[in-house]
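Hello,

Here is the structure you will be taking over. My notes on it follow below.

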Amino acid sequence: MAPIAVGDTIPDGTLPWFDEDGEIQQLSIHSLAAGKNVVLIGVPGAFTPTCSTQHVPSFITNAEELKSKGVDEILLISVNDPFVLKAWAKSYTDNKHVKFLADGSANYTKALGLELDLSEKGLGLRSRRYAILVDDLKVKVANIEEGGAFTISGADEILKSL
């Protein structure tokens with residue numbers, strides 16, 4: 001499947017997320033994104049170096065500015081189980097706006113056409129790194145990285161497009 005691109009409608013999918021009370025919720029991507037401006041962030045894996053020290057912090061640090069420029073939701077999607085994502089989210093004590101959604105079987109990642117086979121590195125099927133700006137379910141910006149790069153998918157690049 002071709003990767004999602006500008007002009008495409010994002011697929012629907014239901015992903016687990018632990019809410020502020022520590023309760024697991026099943027969230028529909030379309031219910032979160034319909035009629036809203038949303039940033040989808042894809043990472044190869046929780047607790048991995050670039051994801052943990054650069055990519056995710058760029059969105060946590062810039063969340064207020066993103067919100068002030070009209071972003072309603074910031075949704076991080078990782079091919080990990082929800083318990084790993086819960087622990088990873090808790091490691092960012094200053095996070096107030098980024099929701100950490102688990103795509104344990106990579107079904108949503110595959111629907112986006114953004115799966116990345118990292119089996120040779122012992123990681124199995126993962127996600128490419130990306131930041132996608134969505135307006136009412138339509139892709140407005142698709143910053144999709146090649147390999148392990150981190151050059152176009154940070155919050156600063158999304159801010160430039162708002």
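**Notes on the structure**

Leaving out residues up to four places away in sequence, Glu-73 touches Leu-32, Lys-36, Asn-37, Val-38, Val-39, Lys-67 and Lys-99. The model is a predicted one, and this applies to everything below. Glu-73 belongs to strand S4. Its relative accessibility is 11%, so Glu-73 counts as buried, the limit for that being under 20%.

**Nonpolar cores**

The largest nonpolar core has 25 residues, and Phe-59, Leu-76 and Trp-88 touch the most other members. Two or more residues of this core come from each of strand S3 (37-43), H2, helix H3 (63-68), strand S4 (73-78), H4, S5, strand S8 (130-135) and helix H6 (155-161). H2 gives the most to this core, namely four residues. Another core, of 22 residues, lies apart from it; Ile-4, Leu-27, Ala-33 and Ile-77 are among its members.

What does Trp-88 touch, not counting residues up to four places away in sequence? The list is Val-43, Gly-45, Ala-46, Phe-47, Cys-51, Ser-52, Val-56, Leu-76 and Phe-100.

**Helix H4**

Trp-88 is also one of the buried residues of H4, together with Pro-82 and Leu-85. What covers them includes S1, strand S2 (24-28), S3, H2, S4 and S5. On the face of H4 turned away from its buried side are the exposed residues Phe-83 and Lys-90.

Lys-86 is in helix H4 too. Is Lys-86 buried, partly exposed or exposed? Its relative accessible area is 26%, so Lys-86 is partly exposed, the class between under 20% and over 50%. With neighbours within four places in sequence left aside, Lys-86 is in contact with Phe-18 and Gly-22. Lys-86 and Phe-100 are 14 residues apart along the chain, and their C-alpha atoms are separated by 7.2 Å.

**Pockets**

The largest pocket holds about 410 Å³ of space. Its lining consists of 19 residues, and Trp-17, Phe-18, Asp-19, Ala-89 and Asn-95 are the ones nearest its centre. Strand S1 (14-18), helix H4 (82-90) and strand S5 (98-102) each supply at least two residues of this lining. Which element gives the most to the lining of the largest pocket? That is H4, with five residues. Sorted by class, the lining of the largest pocket has nine nonpolar, seven charged and three polar residues.

The second largest pocket holds about 210 Å³ of space. Its lining has 14 residues, with Pro-44, Leu-118, Leu-123, Arg-129 and Gly-148 nearest the centre. Here helix H2 (residues 49-61) gives the most to the lining, with three residues. The lining of the second largest pocket divides into six nonpolar, five polar and three charged residues.

Most residues other than glycine have a negative phi. Asp-136 is not a glycine, yet has a positive phi of about 50°. Leu-137, a residue other than glycine, also has a positive phi, near 75°. Asp-136 is placed in the loop between S8 and strand S9 (138-144), and Leu-137 is placed in the loop between S8 and S9 as well.

How do they stand in terms of accessible area? Asp-136 has a relative accessible area of 41% and is therefore partly exposed. Leu-137 has a relative accessible area of 16% and is therefore buried.

**Helix H6**

Asp-156 is in helix H6. Its relative accessible area is 44%, so Asp-156 is partly exposed. Asp-156 and Ala-2 are 154 residues apart along the chain, and the distance between their C-alpha atoms is 26 Å.

**Where to begin**

Regards

Methods
Residues numbered from 1 in each chain as written. Predicted model: local features only at pLDDT ≥ 70, side-chain atom pairs only at ≥ 80, totals over all residues. Heavy atoms only, no water. 1 Å grid on protein atoms, 1.4 Å probe; cavity = no way out; pocket = protein on both sides within 12 Å on 5 of 7 lines; lining within 4 Å. Points joined across faces, edges and corners; volume = space filled by probe spheres on them. Nonpolar A, V, L, I, M, F, W, Y, C, P; charged D, E, K, R; others polar. Core = buried A, V, L, I, M, F, W, Y, C linked by side-chain atoms within 4.5 Å. Buried < 20%, exposed > 50% of the residue type's maximum accessible area, 1.4 Å probe, protein only. Contact = heavy atoms within 4.5 Å.
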